[in-house]
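The sequence and structure are shown first.

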Amino acid sequence: MADIARPRLEGSVAVRGERRLSFAEFGTPRGAAIIWLHGTPGGRRQVPVEARLYAEEHDLRIIGIDRPGIGTSTPHLYDDILDWTGDLELLADNLGIDTFRVIGLSGGGPYALAAGAALPHRVHGVGVLGGVAPTKGADAIRGGLVEVAPYAAPVLGAVRLPLSYALAAGIQLVKPLAGLAIGTYGVFQPRGDRELLARPEFKAMFLDDLINGSRFQVGAPLADIILFTKHWGFEAADVSVPVRWWHGDDDHIIPHAHGVHMVERLPDAAFATIDGESHLSGMSVATEVLQTLMELGPRKVTRKRAAKA
């Protein structure tokens, strides 16, 4: 198993209701800020190695955020996905961030779009990588693994907190076998995900994120499932900032058609198909994603760019 460097900085900040959100920073401390929102499941360290290296080389500041119930973020169930942006704004304020771009992977996609809807004065652009589509409201679409969420949500609502701690204890108990478990999971995935999970540095990143994020609790993915069955609190038409969406055409978890469906409803959006790739494919084009997002909105003049000029 390849070694993976720790984040440049980790910590937590105070948000609403005397709660805290934990975060991890990669790249350069004064670079242009990019908020990276993990998938379901996932945590603050679920940032590809290529993205981390690109951030260091291009004066970017990538900040991975643990949603409530993972890492050391206080357990909490938002009223809807839009509600989370109140915490995001406070986190940005506490970290000294004025404007930023947002990237959401899979289950992080709805949260990234919510940031674009609620904070257009601060968000210059949104990137979505194989993102979840709504199950309720004007933008709802059927199909995909998220379609089973309504059957699980009532049960999860009753046992979310105890199940969170039980799952964390179980993961820590089998931690020595976690690498084998990820490898075994990869064997049964479509070609794109299988090849990605076979890459030592990618597997190491996933393992590092899993072990660190689940050390105390695993409530965030349970809360995600509940919120995905509700109206998000906004419509696609409310997202006025530019959105760029990447989706594998062999995605077995969130259908490619869901991404096409959403981009057709977003006011300013472009869609990119990742040919022959499956659900994790967005992670494999992380450098392209960062390059594209940094062209959206005003570009911060870095020391390197100023020197070239």
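Predicted model: local features only at pLDDT ≥ 70, side-chain atom pairs only at ≥ 80, totals over all residues.

In soluble globular proteins, nonpolar side chains tend to be buried together. Here the largest nonpolar core comprises 47 residues, and Ile65, Phe100 and Leu113 have the most contacts inside it. Helix α3 (residues 109–118) contributes the most to this core, with six residues. Apart from it lies another core, of 34 residues, including Leu105, Met205, Ala286 and Met294.

Leaving aside residues up to four places away in sequence, leucine 113 is in contact with Val126, Val128, Trp232, Phe234, Val239, Val243, Trp245, Met262 and Leu266.

Leucine 180 counts as exposed because its relative accessibility is 59%, where the cut-off for exposed is over 50%.

## The β1–β2 hairpin

Strands β1 (residues 9–14) and β2 (residues 20–27) run antiparallel and are joined by six bridges. Within this pairing, glycine 11 stands opposite phenylalanine 23 in β2. Five residues lie between the two strands of the hairpin, and glycine 17 adopts a positive phi near 65°.

## Salt bridges

The count of salt bridges comes to 18. One of them joins the side chains of glutamate 10 and arginine 45, at 2.6 Å from N to O. This pair links distant parts of the chain, 35 residues apart: glutamate 10 is in strand β1, and arginine 45 is in the loop between β3 (32–37) and α1 (49–57). Glutamate 10 counts as partly exposed because its relative accessibility is 27%, whereas arginine 45, at 5%, counts as buried.

Arginine 61 and glutamate 25 form a salt bridge in which the closest N and O atoms are 2.7 Å apart. Since arginine 61 lies in strand β4 (residues 60–65) and glutamate 25 in strand β2, the pair ties together parts that are 36 residues apart in sequence. Both arginine 61 and glutamate 25 are buried.

In the salt bridge between arginine 142 and glutamate 147, the closest N and O atoms are 2.3 Å apart. Arginine 142 counts as exposed, with 69% relative accessibility, while glutamate 147 is partly exposed, with a relative accessible area of 29%.

How values were computed
Residues numbered from 1 in each chain as written. Heavy atoms only, no water. Core = buried A, V, L, I, M, F, W, Y, C linked by side-chain atoms within 4.5 Å. Buried < 20%, exposed > 50% of the residue type's maximum accessible area, 1.4 Å probe, protein only. Helix = DSSP H or I, 4+ residues; strand = E, 2+ residues; numbered from the N terminus. Contact = heavy atoms within 4.5 Å. Pairing = 2+ DSSP bridges. Salt bridge = Lys/Arg side-chain N within 4 Å of Asp/Glu carboxyl O.
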